[in-house]
Amino acid sequence: MNSGTWRFPQVRSPAFVRPHRTPVRHTPQATTFAPLRSEPHNPFMDQNILTFFHSLLRYAVLLFVAAAGFVALMGWLRQRPILVYERMLAVVAMVLCHIQLAIGLALYGMRFKAFELMAPSHQRYWKMEHIAMMIAAIALVTIGRMLSKRAKEEPIKQRHVAIFYLIALVLMLAGIPWPFTEVGRDLGWL
Ligand code: HEM
Ligand code: HEM
């Protein structure tokens, strides 16, 4: 029945490619879901001050983009001029987005080697999906704010912020590696 040659048990979806070590025996359960932080063989993914800040800043970004978007929506529906605090919300949301973008770009450079050691679906997420969705979202926020700044009529100012910020909000919510998604399973809420 057995040919006599011993082979490693086949793992359907290996969490990480291990180029430099002799393979370690895994249980399929342990490897089916690729762990990010808890995997000792991916030394490039350790938490640092930048990942912590990027992770924390997500909540401020979401809060301000949502607040600016919704107050602008109310202002647009009521056809009233933009108020000082509404403009401040839109500006602060945009600045927070830009800070998040700058940190994200730095992290992306730092992490590129780590992505190579991940399962293909995680690689695709971190190399392409997160960055593409977030840059698109931040671009929408920037465009919305710029159009709003340049618009002549007050309700139009409200309309640009409302539409662009709320679409960006949806993109951001979709692009975040939340703990209940496959890719964010080991990242937690902070
Ligand atoms: C990768 C980094 C960044 C890129 C590519 C970027 C890009 C841009 C662009 C395209 C604009 C619109 C310019 C215009 O047409 O008026 C802008 C505006 C602005 N950015 Fe950034 N930015 C970056 C980082 C930052 C950072 C780190 C901050 C603040 C800490 C920041 C603060 C601002 C502010 C305050 C405005 C003007 C906002 C307004 O008047 O409504 N940006 N940025
Ligand atoms: C609104 C914009 C963004 C939000 C809300 C966001 C949110 C997040 C969150 C929650 C994480 C997981 C952090 C952790 O727990 O370790 C993360 C990781 C990451 N983000 Fe973003 N992100 C944004 C934009 C960007 C952009 C524009 C880039 C790249 C240009 C980027 C690159 C990265 C990278 C490389 C990681 C992996 C960090 C690591 O854990 O090692 N992010 N992001």
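Colleague: Gln 79 has its place in the loop between H2 and H3. Why is Gln 79 called exposed?

Modeller: This is a predicted model, in which local features need pLDDT of at least 70 and side-chain atom pairs count only at pLDDT 80 or more, while totals for chains, interfaces and linings use all residues. Residues are numbered from 1 along each chain as its sequence is written, and chains are lettered from A and ligands numbered from 1 in the order in which they are written. A residue is exposed if 12 or fewer other C-beta atoms, placed from the backbone, lie within 10 Å of its own, buried if there are 20 or more, and partly exposed in between. Gln 79 has 11 such atoms within 10 Å and is therefore exposed.

Colleague: What makes the phi of Gln 79 worth a remark?

Modeller: Its value is near 55°, which is positive in a residue other than glycine. Most residues other than glycine have a negative phi.

Colleague: Why is Leu 169 called buried?

Modeller: Leu 169 has 21 other C-beta atoms within 10 Å, so it is buried. This residue lies in helix H5. Here a helix is a DSSP run of H or I of at least four residues, and a strand is a run of E of at least two, both numbered from the N terminus. The protein chain has five helices and zero strands.

Colleague: How do H2 and H5 pack, and at what angle?

Modeller: H2 (residues 49-77) and H5 (residues 154-175) pack at about 145°, with axes 7 Å apart. The axes are lines fitted to C-alpha atoms over the stretch in contact, and angles run from 0 to 180 degrees between N-to-C directions. The contact includes Ala 68 and Ala 72 of H2 and Val 161 and Tyr 165 of H5. By class, 16 residues of this contact are nonpolar, three polar and one charged. Ala, Val, Leu, Ile, Met, Phe, Trp, Tyr, Cys and Pro count as nonpolar, Asp, Glu, Lys and Arg as charged, and the others, Gly among them, as polar.

Colleague: Which residues of the largest nonpolar core touch the most other members?

Modeller: Of its 25 residues, they are Val 65, Ala 68, Ala 72, Ala 93, Val 141, Tyr 165 and Ala 168. H2, H3, H4 and H5 each supply at least two residues of this core. The name applies because such a core is a set of buried Ala, Val, Leu, Ile, Met, Phe, Trp, Tyr and Cys residues joined through C-beta atoms within 7 Å.

Colleague: What makes up the shell around ligand 1, by class?

Modeller: The shell has eight nonpolar, two polar and two charged residues, including His 98, Arg 145 and Lys 149. A residue belongs to a shell if its C-beta atom, placed from the backbone, lies within 6 Å of the molecule. H3 gives the most, with eight residues.

Colleague: How many residues surround ligand 2?

Modeller: There are 23, the closest being Ser 55, Arg 58, Gly 104, Leu 107 and Met 134. Their classes are 15 nonpolar, six polar and two charged. H2, H3 and H4 each supply at least two residues of that shell.

Notes
Contact = placed C-beta atoms within 7 Å.
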